[in-house]
Amino acid sequence: MSVRTFLFLCLCLALIGFAGTASSSHAAEPDWQDIRAAARGQTVYWNAWAGDERINAYIAWAGERLRESDGIEVVHVKLADTAEVVARVLAEKVSGNDSDGSVDLVWINGENFAAMKEKGLLFGPFTQRLPNFALVDVAGKPTTLIDFTIPTDGLEAPWGMAKFNLIYDSARVPSLPGDIAGLRAWAEANPGRFTYPAPPDFLGSTFLKQVLAELVEDAGRLQAPAGEGADFAAVTAPLWGYLDALHPHLWRGGLAFPVSGPAQRQLLDDGEVDVTLSFYPSEASSLIENGLLPDSARVAFLAGGTIGNTHFVAIPYNARAKEGAQVLANFLMSPEAQAHKQDSRVWGDDTVLAVARLPEAERAAFADLPRGPATVAPQDQGPTLLEPHPSWMTLIEAEWLRRYSR
């Protein structure tokens with residue numbers, strides 16, 4: 001769907017007078033066992049990014065477990081960009097389809113969550129009624145309740161933690177610089193050996209946010225909504241100056257960019273570049289385990305901190321299988337599902353749970369996970385930087401495309 005069509009749909013919503021932040025179900029909160037009983041036999045269409053086969057395999061595993069435990073069929077609707085879901089549900093709203101939607105669950109965060117929340121396209125609040133939500137470490141991991149500065153308000157359930165990092169081949173590069181300025185100097189000294197995915201790929205966009213977070217005069221400004229015009233230009237000027245100087249030294253002279261994180265990872269594995277980007281601290285070990293990177297792959301974090309966030313699942317307001325979607329969201333927060341996901345041989349995605357509060361057997365499941373040769377202990381990963389307000393990314397991606405897309 002084109003941007004023009006999307007904006008037209010937004011205008012239609014305004015004209016029909018739709019307002020509010022969420023459809024509410026406060027009138028009669030159903031019992032969890034009633035929800036689970038109603039979910040049996042439902043088919044849940046889970047719309048989720050499909051750019052990594054390890055993640056796709058994990059989603060398939062979760063679907064098998066739900067079929068065994070609750071008689072729920074999970075269909076992975078594979079996405080290249082979660083914005084597709086925002087546009088689709090918005091189109092259904094405009095057409096008056098308020099109960100027979102095509103999306104039951106969506107993997108979401110950031111600007112897509114903000115857009116769906118603002119336009120009242122989400123079901124809930126529902127997370128407090130999920131039994132496993134009580135196991136989430138909301139105190140130690142506050143981004144499980146705040147999504148890119150936007151309160152979740154029970155409209156999305158956390159199921160994984162992310163923290164930006166760099167993966168490099170230590171057989172070719174002994175170590176990487178500890179900050180963004182040093183990374184540019186390294187790229188200049190090693191032309192063609194670094195690149196990043198083209199925005200709006202989330203890893204490419206995160207690299208832009210990381211650069212801006214390090215170079216902006218007042219990092220707190222990024223926690224408020226972005227201004228436009230001269231204000232936006234002034235705040236982001238250091239980012240564009242950095243990229244203008246960096247791009248001539250990138251892979252293919254900065255005239256082409258990988259389309260995704262997995263595409264850049266393949267360049268690293270093929271020896272075309274020396275660095276790839278990741279959002280999962282255990283991913284390098286997982287990729288080694290799965291034969292997708294050499295044993296010499298290692299992980300670097302920037303000394304001043306790297307951007308981190310939580311990823312979530314949410315239910316559109318007009319989902320057909322709301323009960324099945326809630327049962328699936330609850331399972332994704334279970335110790336079984338979280339430990340399986342954190343296993344570097346499976347995915348390597350860090351847990352949202354307060355592991356220390358779990359019963360002994362469930363704590364042991366996490367303690368017994370292999371760390372892998374490239375996994376960096378949490379205490380050695382440096383500070384976690386907050387995500388900017390989602391409005392920054394919307395404007396930055398558009399400006400990047402204007403300046404550099406060919």
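**Figure 1. Ser-334 and its contacts.** Beyond its neighbours within four places in sequence, Ser-334 is in contact with Asn-132 and Leu-353; contact means heavy atoms within 4.5 Å. This is a predicted model: local features need pLDDT of at least 70, side-chain atom pairs count only at pLDDT 80 or more, and totals for chains, interfaces and linings use all residues. Residues are numbered from 1 along each chain as its sequence is written, and side-chain values use heavy atoms, with hydrogens and water left out. Ser-334 sits in the loop between helix 11 (322-332) and helix 12. Helices (H or I, at least four residues) and strands (E, at least two) are DSSP runs, numbered from the N terminus. Ser-334 has a relative accessible area of 9%, so it is buried. Buried means under 20% relative accessible area, exposed over 50%, and partly exposed in between (1.4 Å probe, protein chains only). The Ser-334 side chain reaches the backbone nitrogen of Ala-337 at 3.1 Å.

**Figure 2. Asp-349 in its loop.** Asp-349 lies between helix 12 (335-342) and helix 13 (360-367). Its relative accessibility is 0%, so Asp-349 counts as buried. Its side chain makes a polar contact with the side chain of Lys-341 at 2.7 Å. Another, of 3.0 Å, joins the side chains of Asp-349 and His-311. A polar contact is a pair of N or O atoms within 3.5 Å; within protein, one must be able to donate a hydrogen and the other to accept it, and residues adjacent in sequence count only if both atoms are side-chain atoms. Leaving aside neighbours within four places in sequence, the contacts of Asp-349 include Trp-159, Gly-160, Met-161 and Tyr-280.

**Figure 3. Arg-193 and its partners.** Arg-193 belongs to the loop between helix 6 (180-189) and helix 7 (202-215). Its relative accessible area is 21%, so Arg-193 is partly exposed. The side chains of Arg-193 and Asp-274 are joined by a polar contact of 2.8 Å. The Arg-193 side chain also reaches the backbone oxygen of Glu-272 at 2.9 Å. Outside four places in sequence, Arg-193 is in contact with residues including Arg-172, Trp-186 and Gly-271. From Arg-193 to Ala-337, the separation is 144 residues in sequence and 37 Å in space, C-alpha to C-alpha.

**Figure 4. The nonpolar cores.** The largest nonpolar core has 86 residues. Such a core is a set of buried Ala, Val, Leu, Ile, Met, Phe, Trp, Tyr and Cys residues joined through side-chain atoms within 4.5 Å. Among the residues with the most contacts inside the largest core are Trp-46, Trp-107, Phe-194 and Ile-396. Helix 8 (residues 230-246) gives the most to this core, with 7 residues. Aside from neighbours within four places in sequence, Ile-396 is in contact with Leu-208, Leu-212, Phe-232, Thr-236, Leu-239 and Trp-240. A second, separate core of 18 residues includes Val-85, Val-86, Ile-108 and Tyr-317.

Figure 5. The 12 residues of helix 4 (residues 83-94) should span 16 Å at 1.5 Å a residue, and the end C-alpha atoms are 17 Å apart, which agrees. The expected span is 1.5 Å times one less than the number of residues. Buried residues of helix 4 include Val-85, Val-86, Glu-92 and Lys-93. Just after helix 4, Gly-96 takes a positive phi of about 85°.
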